[in-house]
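Welcome! Here is a short tour of one protein model, arranged by topic.

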Amino acid sequence: MAKKKEMEGEVYYPSEQVVAQARVKDWDALAEKADKDLEGFWADEASELEWYKKWDKVLDDSKAPFFQWYTGAKVNIVHNCIDRHLKTNRKNKLALIWESEDGNEHRTFSYFAMNREVSRMANIIKAMGVRKGDRVTIYMGRIPEIVFAMLACAKIGAVHSVVFGGFSADALQGRIEDSQSKLVITQDGNFLNGKIVELKRTVDDALKKCPTVENVLVVRRTGQDIPMDPLRDHWYHELSKLPVANGKCPTEEMDAEDPLYILYTSGSTGKPKAILHVHGGYMVGTYSTLKYVFDLQDEDRFWCAADPGWVTGHSYIVYGPMLNGATSFMFEGGPAYPYPNRWWQCVERYGINILYTAPTAIRGLMRFGEAWPNKHDLSSLRLLGSVGEPINPEAWKWYHRVIGKEQCPIMDTWWQTETGMFMITPTPSVPLKPGSGTRPFFGQQAEIVDEAGNPVKDGDEGYLTLKRPWPAMLRTIYGDPDRYVKQYWSKFPGRYLAGDSARRDSDGYYWIIGRVDDVINVSGHRLGTAEIESALVSHPAVAEAAAIGLPHEVKGTGIHVFCLLRAGFAPSDALSEELRQHVSKVISPIARPEDVKFLDKLPKTRSGKIMRRVLKARAQGLPEGDVSTLEE
Ligand code: PRX
């Protein structure tokens, strides 16, 4: 693209070839059109998909902030992910390519086969009594059956609640209980980094306290012996052989605003929030963002290297690619096992065109040096993507140079579990600045404001807010609508509060700085300080605890905790290690603190709130700032 104007800072302009291929050549024109006619833009996008019945209204804001999209419409996201493609020559195109951790197993599914597998799983869970509106918890690793399970639920109108396979029994139990799931779908175990993750045994532990669960459906993956409760637990491969499992399964007609899934995410209080997404708007938002931002072409092989257990996997491994009729690649293992070339092997073996991952993975792989990626032919790559946390310019440049060979624009996409789809993001033809997600997606307006809600000057830091509704937005916090209003729409009425701080530069580019609430972003995973602290005080030695995040070379932020011990316990290295293990067991290994320090007193305000800011400043040897509210 011809340089339109001199831009501030370090800028990477797209090559003429990239612009020539790009779906959006004139970004400004489309942005302006969407800005002027938000509903028109989203009506056009929605019209590219199939609806059983069209909407009466694109956006209904009469009950704001409970916005509704495509009201009156009848649809099912699975109709657009699968059924619609079966009527075209995409029927025989690959929807999913999968490789096992050890590289010895390869499974592929065309859209036709995907329909068969999803229908089979749907028939089975229906036979188990799952009905429209029922919740189903899915606790699995990265195997094709997790995709079947999610789509099977959606197909029959059940609401899936995927819990990341790295969460502990306690965390799983809390989520099953909160969602009142009837059924849990899991696997005997999951291969990861050369070990087996004991998924089924963890489910058994979690279910000791979950009376709502009637059945557990177990996919066989490792083949190891596991306990099976004859009344409650069922092998998937055995049920699959029954006549009831086979044959057609109709896709349920849903209202556009009917729930599709809930997904738990950490917030500033102890209890994770159940974010609710719906069939209609979420479908349009994920379809459209993936199409524009990663410029999906019919022959592309798209690899979102996240886990289906997080929103990135929901929107951009499962739903977005299938809505676009694309071929999605899924890899069971981690990036560096057995060697740090595992991902690059996959790119070469499958001719991946687009790779979408997180800065923490890039930083982790960078440490092993360039020789590993350089062993492989990565020339199929056309675009790269980043998500989950701010990408430091050093990692951006390595990714651009070593992986993308300076030919692949990097789409740094800012969004959240709550937003369901990309919100601040470039498209391929946009000039890039390492570390900035550039500008809001079409139809969106972002504003950075101060404590009083007034816009700050360009260059100044403030709260990131979104000014306009968007179709894939969360509809509520499941079971807690008041918290939805309070959390996102109360600090600045009429605006969505993202919980991040950011600044905008003179080119209108946004730079995310990090969370401003009590959330720590560890390797792109959100963890609430309150969750970590309550895990610590559940240990008999700990009276009080405070958790803070400090910069970490690979993880972006690492967790550091401060504990006040109960009488009768003395600080020691052994206790510190025991507490780290304890947090890992209660929440997940991702929440394991980097270190545990013992204090006699925690800095608190006079009203008793822990001043984490002061602990953070002290830990970094920085000035403590305003401590006028610190208690004596
Ligand atoms: O702080 C932002 C950070 O991740 C948070 C959302 O986390 P979660 O809901 O788990 O979703 C992660 C994947 C969408 C945001 O509030 N974040 C996400 N993407 C970026 C980011 N920070 C900077 N740049 C990004 N591209």
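Helix H7 supplies the largest share of the lining of the second largest pocket, six residues. The model is predicted, so local features need pLDDT of at least 70 and side-chain atom pairs pLDDT 80 or more, while totals for chains, interfaces and linings use all residues. Residues are numbered from 1 along each chain as its sequence is written, and side-chain values use heavy atoms, leaving out hydrogens and water.

**The second largest pocket**
- A pocket here is an open set of points on a 1 Å grid over the protein atoms alone, where a 1.4 Å probe fits, with protein on both sides within 12 Å along at least five of seven lines; lining residues have an atom within 4 Å of a point.
- Helices H7 (169-179) and H17 (529-537) each give at least two lining residues; helices are DSSP runs of H or I, at least four residues long, and strands are E runs of at least two, numbered from the N terminus.
- Of the 16 lining residues, Asp 170, Ala 171, Gly 174, Arg 175 and Pro 272 are the closest to the centre.

**Aromatic pairs**
- Rings of Phe, Tyr and Trp (its six-membered ring) pair if their centres lie within 6.5 Å, with planes under 30 degrees apart stacked, over 60 edge-to-face and the rest tilted; the count comes to 42 aromatic pairs.
- Trp 303 and Trp 343 are edge-to-face, because their ring centres are 5.4 Å apart and their planes at 65°.
- Trp 303 sits in strand E16 (residues 301-304) and Trp 343 in helix H12 (residues 342-350), so this pair ties together parts 40 residues apart in sequence.
- Tyr 339 and Trp 372 are stacked, because their ring centres lie 6.1 Å apart and their planes at 10°.
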